[in-house]
Amino acid sequence: MGGKSPHRVAWSAVAVIAAGAGLYLWCLWVFATVGRATPGPWDAPRRVVAVGPYRWVRNPIYIARSSS
């Protein structure tokens with residue numbers, strides 16, 4: 001049987017999941033502090049959020065959730 005050790009692959013996956021979770025938490029923080037709201041449509045931001053990850057991507061939460 002060839003291939004990589006499961007431990008090496010698992011640690012790579014943990015790194016990707018941690019990066020996605022970190023980006024998601026950063027997005028939540030920016031929405032709460034700058035937009036004064038939550039990312040949910042029932043509580044839309046009262047101010048335009050164009051800082052942090054929103055400066056480069058229109059919807060970074062989508063990217064964060066797809067990587068984790």
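Let's start with a charge and a ring: the charged end of R55 sits over the ring of W56, 5.8 Å from the centre of that ring. Keep in mind as you look around that this is a predicted model.

Now zoom out. The protein has two helices and zero strands. It is 68 residues in length, and 21% of those residues count as buried. Its accessible surface comes to about 5400 Å², and carbon and sulfur atoms own 64% of that.

Next, head inside. Which residues make up the largest nonpolar core? There are six of them: C27, V30, F31, V49, Y54 and I61. Helix α1, which runs over residues 6–33, gives the largest share of this core, with three residues.

If you search the whole structure for aromatic pairs, you'll find one. Its rings belong to F31 and Y54: their centres are 5.3 Å apart and their planes meet at 65°, so the pair is edge-to-face. (The cut-off for that label is an angle over 60 degrees.) F31 lies in helix α1 while Y54 lies in the loop between α1 and α2 (60–67), so the pair ties together parts that are 23 residues apart in sequence.

Leaving out residues up to four places away in sequence, F31 touches R36, A37, T38, P39, P45 and Y54.

R36 is in the loop between α1 and α2. Most residues other than glycine have a negative phi. R36 is not a glycine, yet its phi is positive, about 55°.

Finally, go back to helix α1, where you'll find W29. Is W29 buried or exposed? Its relative accessibility is 59%, and the cut-off for exposed is over 50%, so W29 counts as exposed.

Methods
Residues are numbered from 1 along each chain as its sequence is written. This is a predicted model: local features need pLDDT of at least 70, side-chain atom pairs count only at pLDDT 80 or more; totals for chains, interfaces and linings use all residues. Side-chain values use heavy atoms; hydrogens and water are left out. A nonpolar core is a set of buried Ala, Val, Leu, Ile, Met, Phe, Trp, Tyr and Cys residues joined through side-chain atoms within 4.5 Å. Buried means under 20% relative accessible area, exposed over 50%, partly exposed in between (1.4 Å probe, protein chains only). Helices (H or I, at least four residues) and strands (E, at least two) are DSSP runs, numbered from the N terminus. Contact means heavy atoms within 4.5 Å. Rings of Phe, Tyr and Trp (its six-membered ring) pair if their centres lie within 6.5 Å; planes under 30 degrees apart count as stacked, over 60 as edge-to-face and the rest as tilted. A charge sits over a ring if NZ of Lys or CZ of Arg is within 6 Å of the ring centre and within 35 degrees of the ring normal. Accessible areas come from the Shrake-Rupley method with a 1.4 Å probe; for residues, only the protein chains shown count as cover.
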